[in-house]
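Open the model in your viewer and keep the selection tool at hand.

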Amino acid sequence: MSVEIGIMGLAGAGKTTVFNALARARVAVATYAAPGGEPHRAVVHVPDQRLERLAALFQPRKVTPAEVRYVDVAGSLQTDGTGARAAQVVGQLRNADALLLVIRAFASDVVPHPLGQVDPLRDLRLLHEDLVLNDLTVVERRLERLEKELRFARNAPPEAARERGLLEQIKEALESGRPIRDLGLADADAKLLRSYGFLTAKPLMILFNTGDTPEGIEEIIAAARAAQPYARTEVTSLAGRLEMELAELEPAEAEEFKTALGIAELGLSRVIQLSYRLLDLISFLTVGPDECRAWTVRRGSTAVDAAGVIHTDLARGFIRAEVIGWEALLEAGGWNEAKRRGLVRSEGRGYVVQDGDVINVLFSV
Ligand SMILES: Nc1nc2c(ncn2[C@@H]2O[C@H](COP(=O)(O)OP(=O)(O)OP(=O)(O)O)[C@@H](O)[C@H]2O)c(=O)[nH]1
Ligand SMILES: [Mg+2]
């Protein structure tokens, strides 16, 4: 399964810088001065210690981490005030599974801020309002059409009435500034809404892009959390430019710099793992001499779902799954030894997969 996270924010906030850091790509920063650009996409590997340690044990020919895709959309929400650019940006974000909101928190005399002064909390408020307004416009337009349908159609489908009720509930929430992701909608309702691609229905990561030596960022993060006390919302910070520069170095060189600067963990890994958690995704692992691999499934997926992610044949011919936690497998020192000790469980198709399960699917063709 593949997930995509859309990066958005005001002009010059550092979206492309953060994207480059994440992607270890080298897209020129500040390339979107002219409208009409195509979004940049990058596949990013999810750092995973469990996979690395299993690979050290199994010495496979190939190690394949889980992936998340990031999209750097061409433009920002609040641009020229005509809304034209915003529509294009929103169109590119509709299909994303989550949003990454980059907010400028670095000072610079060289880089102008579109609103004059650097004020991260104001930018967060404006962007939030923008997202809410965007969804509200969609809701109102759809409600108008539904009203007509329900009034004039002789046999309007029963879902139409249900949809109207749901949209009215959403409208009320949005009008009070509450995002859809905070409403805890039932799965069936969320499904009904999916085709609208509501922006505030998507999980949101708020990322303050700081200078190389972030000062006062903890207070800003705390204030942002208080201002956005919503479900499926994460707030964090990243020294975007520094991380981009580190990402461009050779690994050994980057290590040297990190030691010199006293950085223990790259902020990037933290951001990638946070997006993964935000999306409520978990990883299960497969091991063997050919490949050790991390696979992505939604939390709550069953053994047969997991089999289907590996290959449709495995789901079709599913017999049972052999399952062991990654730590237990490491401790046993190998698959056969783990089996001999009775640590490998046999699970049926309905087994709910846990994060870090190592799974071997038995199937018939
Ligand atoms: N001093 C400083 N400059 C930064 C930092 N992060 C980004 N910049 C600079 O800010 C400018 C804009 O960064 P971009 O990453 O292009 O911003 P963007 O959000 O993609 O901009 P648009 O796509 O034009 O909306 C560039 O000149 C960056 O080098 C930072 O942490 N510190
Ligand atoms: Mg950019």
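Helices and strands here are DSSP runs, numbered from the N terminus; a helix has at least four residues and a strand at least two. The model is a predicted one.

**Stop 1: Thr210**

Select Thr210. It sits in the loop between strand E6 (204–209) and helix H7 (217–227). Is Thr210 buried or exposed? Its relative accessible area is 6%, so Thr210 is buried. Now show what surrounds it.

**Stop 2: Ala23**

Go to helix H1, residues 15–23, and select Ala23. The relative accessibility of Ala23 is 18%. The cut-off for buried is under 20%, so Ala23 counts as buried. Which residues does Ala23 contact, neighbours within four places in sequence aside? They are Ala42 and Val44. Next, draw a C-alpha to C-alpha distance from Ala23 to Pro214. It reads 22 Å, across 191 residues of sequence.

**Stop 3: the aromatic pairs**

Turn to the aromatic rings. The protein has 2 aromatic pairs. Select Phe284 and Trp295 for one of them. The ring centres of Phe284 and Trp295 are 6.3 Å apart and the planes meet at 10°, so this pair is stacked. Colour by secondary structure. Phe284 belongs to strand E8 (residues 281–286) and Trp295 to strand E9 (residues 291–298), so the pair ties together parts 11 residues apart in sequence. Check the accessibility of each partner. Phe284 is buried, at 0% relative accessibility. Trp295 is buried too, with a relative accessible area of 10%.

**Stop 4: the whole protein**

Zoom out and show the cartoon. There are 14 helices and 12 strands. Along the principal axes, the C-alpha atoms fill a box of roughly 70 × 65 × 35 Å. How does the radius of gyration compare with that of a compact globule? For 365 residues such a globule would have a value near 21 Å; the protein has 23 Å, which agrees.

Switch to contacts. Of those with a separation of 6 or more, 70% join residues 24 or more positions apart. Buried residues make up 49% of the 365.

The accessible area is about 18,500 Å², and carbon and sulfur atoms own 50% of that. Colour by charge: 44 positive and 51 negative charges have mean positions 6 Å apart.

Technical notes
Residues numbered from 1 in each chain as written. Chains lettered and ligands numbered in written order. Predicted model: local features only at pLDDT ≥ 70, side-chain atom pairs only at ≥ 80, totals over all residues. Heavy atoms only, no water. Rg over C-alpha atoms; globule rule 2.2 N^0.38 Å. Buried < 20%, exposed > 50% of the residue type's maximum accessible area, 1.4 Å probe, protein only. Contact = heavy atoms within 4.5 Å. Areas by Shrake-Rupley, 256 points an atom, 1.4 Å probe, with all protein chains shown as cover. Lys, Arg positive; Asp, Glu negative; His and termini not counted. Charge placed at Lys NZ, Arg CZ, Asp CG, Glu CD. Phe/Tyr/Trp six-rings, centres within 6.5 Å; stacked < 30°, edge-to-face > 60°.
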